[in-house]
Amino acid sequence: MAGRTVRVRGLPADLPPDRVADKLTIHFLRSRNGGGEIADVQVLGGSRRCALITFEAPEVAQRILKAKEHVLAIGGRKYPLEVTAHVAELSPDEV
């Protein structure tokens, strides 16, 4: 999955994870947003809610990272998203 996954922050905290995942999928599938085919979307909880989006091709992830801004529109509200490269943490056994 290296190079194909991005981390997205700035998600609405008041919506259920499955609805947020659906909205993110729609946003990042659109070519006008630099998107493309998505392999997986995971919305992670916690104090700083974020999502991990894995694309089918690494070049799609690179286009997403190069885009200046991403804004998720849900129910008339706009959520500016912070998109960064996701670096998986390896356990000592995987090194």
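Predicted model: local features only at pLDDT ≥ 70, side-chain atom pairs only at ≥ 80, totals over all residues.
The partners are Asp 14 and Arg 77, whose closest N and O atoms are 3.8 Å apart. Asp 14 is located in the loop between β1 (5-9) and α1 (17-29), whereas Arg 77 belongs to strand β5 (residues 77-85), so the pair ties together parts that are 63 residues apart in sequence. The two partners were assigned to separate accessibility classes. With a relative accessibility of 54%, Asp 14 counts as exposed; Arg 77, at 47%, counts as partly exposed. The limit between these classes is 50% relative accessible area.

Because Phe 28 lies in helix α1 and Phe 55 in strand β3, the contact ties together parts that are 27 residues apart in sequence. Both Phe 28 and Phe 55 are buried.

Strand β3 (residues 50-55) also takes part in a strand pairing: 6 bridges join it to strand β2 (residues 38-44), and the two strands run antiparallel. Within this pairing, Val 43 stands opposite Ala 51 of β3. The hairpin of β2 and β3 has 5 residues between the strands, and in this hairpin Gly 46 adopts a positive phi near 110°.

Definitions and conventions:
Residues numbered from 1 in each chain as written. Heavy atoms only, no water. Salt bridge = Lys/Arg side-chain N within 4 Å of Asp/Glu carboxyl O. Helix = DSSP H or I, 4+ residues; strand = E, 2+ residues; numbered from the N terminus. Buried < 20%, exposed > 50% of the residue type's maximum accessible area, 1.4 Å probe, protein only. Pairing = 2+ DSSP bridges.
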